[in-house]
Protein chains: 2
Amino acid sequence: MRIAVDAFGGDNAPCEIVKGAVMAVNKFDCDVVLVGDEQTIASILENEEYSKEKITVKHASEVVQNDDSATLSVRRKKDSSMVVALNLVKEGEADAVVSAGNTGAYLTAAFMVLGRIEGIKRPALGACMPNKNGMTVIVDSGANSDCKPEYLVQFAHMGSIYSENVFGVKSPKVGLLNIGVEEKKGNSLAKETYALLKAEKGINFTGNIEAREVPSGKADVLVCDGFSGNVVIKLIEGVAITLFDMLKDVFYKSIVTKIAAAILKPGLKEVKKSMDASEYGGAPLLGVNGPVIKAHGNSDAKSIHNAIKSAMLFSQTNVNDKIREFLNSSADEKIEE
Amino acid sequence: MRIAVDAFGGDNAPCEIVKGAVMAVNKFDCDVVLVGDEQTIASILENEEYSKEKITVKHASEVVQNDDSATLSVRRKKDSSMVVALNLVKEGEADAVVSAGNTGAYLTAAFMVLGRIEGIKRPALGACMPNKNGMTVIVDSGANSDCKPEYLVQFAHMGSIYSENVFGVKSPKVGLLNIGVEEKKGNSLAKETYALLKAEKGINFTGNIEAREVPSGKADVLVCDGFSGNVVIKLIEGVAITLFDMLKDVFYKSIVTKIAAAILKPGLKEVKKSMDASEYGGAPLLGVNGPVIKAHGNSDAKSIHNAIKSAMLFSQTNVNDKIREFLNSSADEKIEE
């Protein structure tokens, strides 16, 4: 198992990315190819301890910046760490790829370099958020701002396959993000999608999910357009940050409250962690030919290490083959009909 | 100042609604007309202390239930507490109206009984959420699931007028809910709306707002379609509830943590309150002929008392007249052009 990692993508690149790769090879049974400026990477690696044969460096002279245009950067920066990392998967030199860089550029590059899985209408991002009982895969969480109902049906299948294989959920509950639980609620996209999902075979559709129920774990897979899905994941982040900021003010009020807060600190840390998307190893890009993981832009070493683990699982469990199987079987059904 | 209150709308009706009305008349310079079954209301009022002349009861024999269809319930239940309360405003017997009942039915009833303000394309719900510095008015937060860009421009104006008059914000910052800060980001609705808002006079448009920034107070008015807006308000609620549930587990772990939690309790309560929409007096329905406030479905007495205060402010500050003035001036401008 060999994971390509874009060492120059993300707010904390390259230092935290390289350190995350080191953490991963020390912990998991995998090798990592760090992609980016050779000298810089080497100088960071110098101070790290790990089995030297487990990390190799692939030089790339360019970096896709956060404000680069998605399409242009991919076309023009062919020797960027992001594009070179994706090419390693295409050429079979890596089993999966991780980047914390510019999301738009990464998605575009992944489509262009690896291509869609045949039959997939739109690849989608499946952000994984913790809930009370486990994890919710939110598809689409940002790849497609404007969606058609038939895209969302495929998102439901891809999300289910990911949830079942990577998180071990049997017959994952699929919920449709909506503004009411009743069948006729929502905008036209939600109404039409509801009808299609209800009739769809091979998924465990459990109906509409209101946003307030997302953290409760009522759904293992939350299906939505990429605009709403992105609003959901970013808002969860924003609310959690604001709440913990407010709690800090409560804790620092006096010496007594500071002592009380110190007693609760280990528990509070756990809660904070469980609300923190970066703890959960990034989002799979579902529907392209190759396991692609998008790590959070502000990933630190720990998150990159988690993202590498997700990439390993994504590859090991053959999620993409199972997506192809589903597409073949549904194509067969159509022919039989 | 006289506020009509639907005593039979909401999960805790009629008891908490009646008690909320009592709290309001004891605290504010206003009268309340409680609408609903006369005998039931009288029996609750019997045990309450207040100046008898400040609360009157208007009998209504029917109740709109939460699972009633919006249009049918309004057409068929003409003697429901909700419809009768709205009629009091129409007939000039009340200055504003509050209900915590079925949202869909309430909006439909408000359109049908009071009618849209002439020139308003779509009335919208303006949920008010606390942020770090004050309040954010989220328009639309649920009245219109499918929207056109020109509706959102009117939402921006109505939200600004409400924010300025009711919350005293000078030149309220208007943000467009989007999945990136750059101008070209988002779905087609967001892109087209951005262009219109940028060119629009009379509002202080400050650009796109990502969902993670909503709680930070970057915008006083957050403009969005009713589907996304509803997702936002319900998700904030859901995340806050889940977080406080998790904190409870931390607090009850041992005797020591229980003591620590007890010390922090007053501060924690404040934080919880500040994340609780029901503390903030409900959402104005903007764009109909009459001040209409929707209180949260699970409102208790305190929230109803807050909603009555919002209704008073909505009426006293002549928000609807100012919406009419804006519509007239923009119509004049068009003629001049």
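This briefing covers the sheet of chain A, the helices against it, and the cysteines.

The model is predicted; local features need pLDDT of at least 70, side-chain atom pairs count only at pLDDT 80 or more, and totals for chains, interfaces and linings use all residues. Residues are numbered from 1 along each chain as its sequence is written, chains are lettered from A and ligands numbered from 1 in the order in which they are written, and side-chain values use heavy atoms, without hydrogens and water.

**Confidence**
- Chain A has a mean pLDDT of 93, and 98% of its residues reach 70 or more. pLDDT is the predictor's confidence in each residue, from 0 to 100.
- The scores are ipTM 0.90 and pTM 0.92.

**Sheet of chain A**
- An open, mixed sheet of 11 strands runs in the order β3-β2-β1-β4-β11-β10-β5-β6-β9-β7-β8 in chain A. Its edge strands, β3 (55–59) and β8 of chain A, each pair on one side only.
- On average, neighbouring strands are turned by 25° against each other, direction ignored.
- Strands (E, at least two residues) and helices (H or I, at least four) are DSSP runs, numbered from the N terminus. Two strands pair if DSSP finds at least two bridges between them.
- Strands β1 (residues 2–6) and β2 (residues 31–36) of chain A are parallel, with 5 bridges. Val5(A) has Leu34(A) in β2(A) as its bridge partner.

- Strand β7 (residues 173–178) of chain A runs parallel to β8(A), joined by 6 bridges. Asn178(A) is bridged to Glu210(A) in β8(A).
- β7(A), helix α7 (residues 188–199) of chain A and β8(A) form a right-handed β-α-β unit. Right-handed means that, with the strands pointing away from the viewer, the path from the first strand over the helix to the second runs clockwise.
- In β8 (residues 204–210) of chain A, 5 of 7 residues are buried. Buried means under 20% relative accessible area, exposed over 50%, partly exposed in between (1.4 Å probe, protein chains only).

**Helix on the sheet**
- Helix α1 (residues 15–27) of chain A lies across β1, β2 and β3 of chain A, at about 170° to β2(A). Axes are lines fitted to C-alpha atoms, for helices over the stretch in contact (heavy atoms within 4.5 Å). Angles run from 0 to 180 degrees between N-to-C directions.

**Cysteines**
- Over all chains, the count is 0 disulfides. The rule asks for a pair of cysteine sulfur atoms within 2.5 Å.
- Cys128(A) is 13 Å from the nearest cysteine sulfur, that of Cys224(A). Cys128(A) is buried, at 4% relative accessible area.
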